[in-house]
Amino acid sequence: MPRRERNKFVKRGQILNLKIEDYAFGGKGIARLKNEHGEFIVFVPNTLPGQLVKAQVKKSSKKYAECKLIDVLQSSPDEVEVPYQDIPGAPYIKLPIDLQHKYKKESTLSLFKKIGKVDNIENYFDAFISSPNVFHYRNKMEYGFSAIGYDKTKQTDVDEFTLGFKRRGTWWMGENLEKDSGLFDEAVETHLKTIRHYCEKTGLPPWHAPRKTGFFRYFVVRKSHKTNALLFNLVTTSHDLSKFDLTAFAEFLVSLFGDRLAGLLHTINDEIGDRTIATSGSIKLVYGKDKIVEELLGLQFEISMKSFFQTNPKSAEKLYSKVVDYALEDREAVDNSVVLDLFCGTGTIGQIIASKANNTKIIGVDIVASAIEDAKKNAQRNGIEGLQFYAADVGKFLTEHPQYKNNIKTIILDPARAGITPKTLKKIINLNAKRLVYVSCNPATQARDIEQLGHANYKIKKLSLVDQFPHTAHIETVVLLERR
């Protein structure tokens with residue numbers, strides 16, 4: 001067996017100081033190394049052209065290496081000062097929003113050319129839709145407790161009670177959020193250090209990730225932009241639970257947020273996995289209500305702590321409006337007919353289309369049973385008829401319902417980040433629908449699927465980009481395809 005050729009530029013685990021020169025899709029900054037062997041490309045996520053960064057090599061090949069960002073040593077000349085605390089979840093918050101949009105548009109269209117094989121993608125570009133709220137746009141945030149903090153002066157980890165986010169590039173270390181991050185509710189984040197001090201004074205320990213021990217694990221908050229109400233979830237282990245007074249903690253939150261506090265839930269999570277709600281844990285209501293109500297385009301939706309709901313509701317309205325515009329562009333393909341809403345989640349898109357179309361029957365399908373239950377409840381709450389929701393794998397559903405073949409004119413697709421599996425995509429193609437409206441939170445997998453759809457004579461008619469998450473690399477895409 002031939003020996004694998006040793007990389008002549010970098011090795012796995014190596015720490016590098018890199019000057020970022022360019023930007024690739026997904027927020028990957030591009031650096032270049034040069035020596036007597038030539039030029040070598042290095043990708044570093046969440047970086048910008050002009051930055052000097054410290055990064056660690058995670059994997060490499062003959063042509064390029066991928067690194068993990070450790071720290072930004074020098075800002076880009078394009079960055080500006082902002083009054084918010086720097087957090088890993090907003091790597092581009094110092095970059096003016098127009099430049100963020102420029103990077104996102106250019107890199108996404110390039111992706112459709114490279115992966116989707118659509119060389120003239122600019123000809124189909126419809127709109128770049130920015131978020132109505134550039135700051136404080138999120139309606140959910142998860143803050144983590146940690147027994148390991150970071151001393152910026154000594155540049156080393158320390159034993160410390162922290163509540164905030166993981167330090168960039170680590171899984172075991174937390175950093176306190178001391179002030180507003182610019183992403184979530186300003187009042188909540190201003191009070192977070194007060195909540196941290198309250199928990200610390202109990203004497204109960206925060207979660208120690210390497211040891212898998214501790215009491216406090218997460219503090220999760222959901223917010224309704226419609227009512228301004230807050231729903232909290234304190235996640236702890238069961239260890240020493242009798243020593244923590246949940247009722248007193250609820251009263252403490254009331255003292256901070258008053259009538260804004262809709263409810264407090266408590267979740268027990270004794271699993272070692274890094275997630276807020278354990279499969280074997282319990283969740284109970286301590287105070288108030290276990291749901292809040294949000295509104296999108298005039299429709300109301302009940303949101304529980306476990307519900308999936310768009311994180312940026314104001315931008316989601318823009319996203320759904322574009323989806324509906326594309327769907328209703330050909331009224332004959334929607335009115336007085338059946339529309340399939342596949343990977344429908346909580347059924348938001350289907351409900352909006354049903355409310356605006358004439359005598360249209362929406363069939364929504366999603367594999368997540370809890371999402372389908374929410375979809376049914378919300379449809380009943382909004383008094384919308386003509387909706388049927390099924391908790392099922394999309395591929396299996398289409399196999400078990402052959403009556404839809406040749407009888408569907410419009411299909412809405414909104415899959416998870418992984419896109420659509422080849423077998424399921426083939427079944428969708430075999431339905432012979434006239435039009436597809438494909439929504440994606442991952443343009444890379446969408447572009448891959450669109451190449452296959454192109455082989456089946458589905459051609460792009462329009463493409464829009466929606467900035468759901470300012471200050472991150474994420475972008476949502478809405479593509480209208482028609483069969484020719």
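A disulfide is taken here as a pair of cysteine sulfur atoms within 2.5 Å. By this criterion, a search of the whole structure returns zero disulfides. The structure is a predicted model, in which local features need pLDDT of at least 70 and side-chain atom pairs count only at pLDDT 80 or more, while totals for chains, interfaces and linings use all residues. Residues are numbered from 1 along each chain as its sequence is written, and side-chain values use heavy atoms, with hydrogens and water left out.

Cys67 is buried (under 20% relative accessible area; exposed is over 50%, partly exposed in between; 1.4 Å probe, protein chains only), at 5%. Cys199 is also buried, with 0% relative accessibility. Cys441, by contrast, is partly exposed at 23%.

The unreviewed UniProt entry lists Cys441 as "active site"; UniProt positions follow the numbering used here, feature names are shortened, and annotations may be inferred rather than shown by experiment. Cys441 is located in the loop between strand S21 (435-440) and helix H9 (443-455), where helices (H or I, at least four residues) and strands (E, at least two) are DSSP runs numbered from the N terminus. Beyond neighbours within four places in sequence, Cys441 is in contact (heavy atoms within 4.5 Å) with Ala416, Arg417, Ile475 and Glu476.

The unreviewed entry also gives "binding site" at Gln310, Phe343, Asp366 and Asp414. Phe343, in the loop between strand S17 (338-342) and helix H5 (348-356), is buried at 19%. Asp414, in the loop between strand S20 (410-413) and helix H8 (422-430), is partly exposed at 21%. Residues up to four places away in sequence aside, Phe343 touches Asp366 and Asp414, among others.
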